[in-house]
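Please keep the sequence and the model in view while reading.

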Amino acid sequence: MKKKLITLLCLALLSTPVWAFNIQIEDPFVSPVPPGSPVAAGYMKIHNAGAEDRKIVDASSSVSEYMELHTHTEVDGVMQMRKIPFITVPAGGTTELVPGGLHLMFIDLRQSIPAGSQVDVQLTFDDGSLIELDMPVRRLRNR
Ligand SMILES: [Cu+2]
């Protein structure tokens, strides 16, 4: 499969959306975790301006051994994280990765990720396209 690589950074301009193909990523962030924590979670809004549904099928980062796509489901009254094979962004629609819902999971962190630092992430979509972005580490904003 021929993969196109588009590198887009949103380092200082956090309010500036990241565009690739028809996919726009807005407001990405990773929740800070205490040093030594094995996992962390990342969130963002993903818009799809295209005419076809798009799926995130994989994610990776230099800060963790691997990543998984997760959702939360309630099992016997307890919210549990569950690995899912893809995250769909519907044509003309928006998918929100939010605490308590869909998220990116960084597993087996190789380094601490204090608030104020940046975490690189590469997202792979079902059409083979890739988006690279830097996600700021910060607490959830009050909206
Ligand atoms: Cu998770």
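## A strand residue and its surroundings

In which strand is the place of Met 135? Met 135 belongs to strand β12, which covers residues 130-136, where strands (E, at least two residues) and helices (H or I, at least four) are DSSP runs numbered from the N terminus. This is a predicted model, in which local features need pLDDT of at least 70 and side-chain atom pairs count only at pLDDT 80 or more, while totals for chains, interfaces and linings use all residues. Residues are numbered from 1 along each chain as its sequence is written, and side-chain values use heavy atoms, with hydrogens and water left out.

Met 135 is buried, at a relative accessible area of 0%; buried means under 20%, exposed over 50% and partly exposed in between, using a 1.4 Å probe and protein chains only. Leaving aside neighbours within four places in sequence, Met 135 is in contact with residues including Pro 28, Met 44, Leu 104, Phe 106 and Val 121, a contact being heavy atoms within 4.5 Å. Met 135 and Pro 28 are 107 residues apart in sequence, yet their C-alpha atoms are 5.5 Å apart in space.

## Overall fold and core

The protein has 12 strands and 0 helices. Of its 143 residues, 43% are buried, and among contacts between residues at least 6 apart in sequence, 65% join residues at least 24 apart.

In soluble globular proteins, nonpolar side chains tend to be buried together. Here the largest nonpolar core has 33 residues, and those with the most contacts inside it are Met 44, Leu 104, Phe 106, Ile 113, Val 121 and Leu 123; such a core is a set of buried Ala, Val, Leu, Ile, Met, Phe, Trp, Tyr and Cys residues joined through side-chain atoms within 4.5 Å. At least two residues of this core come from each of β3 (23-30), β4 (39-48), β5 (54-60), β6, β8 (87-89), β10, β11 (118-125) and β12.

## The copper site

The copper ion is coordinated by His 70 (ND1), Met 81 (SD), His 103 (NE2) and Met 105 (SD), at 2.0 to 2.2 Å; donors are N, O and S atoms within 2.8 Å of the metal (3.2 Å for Na, K and Ca), and water is not among the atoms, so sites may look incomplete. The angles among the 4 donor atoms are 94 to 121°, and the site is tetrahedral, a class that requires all angles of four donors to lie between 85 and 135 degrees.

In sequence, the donor residues follow the spacing H-x10-M-x21-H-x1-M. His 70 in strand β6 (residues 64-75) and His 103 in strand β10 (residues 103-109) link distant parts of the chain, 33 residues apart, and both of these histidines are buried.

## Salt bridges

The whole structure holds 5 salt bridges, each a side-chain nitrogen of Lys or Arg within 4 Å of a carboxyl oxygen of Asp or Glu. Arg 54 and Asp 126 meet in one of them at 2.8 Å, N to O; because Arg 54 lies in strand β5 and Asp 126 in the loop between β11 and β12, the pair ties together parts that are 72 residues apart in sequence. Arg 54 is buried, at 15% relative accessible area, whereas Asp 126 is partly exposed at 35%.

Arg 54 also forms a salt bridge with Asp 127, the closest N and O atoms being 3.7 Å apart, and a network of salt bridges links Glu 52, Arg 54, Asp 126 and Asp 127.

Key: Four donors count as tetrahedral if all angles lie between 85 and 135 degrees; four count as square planar and six as octahedral if opposite donors are over 155 degrees apart and all others between 65 and 115; anything else is irregular.
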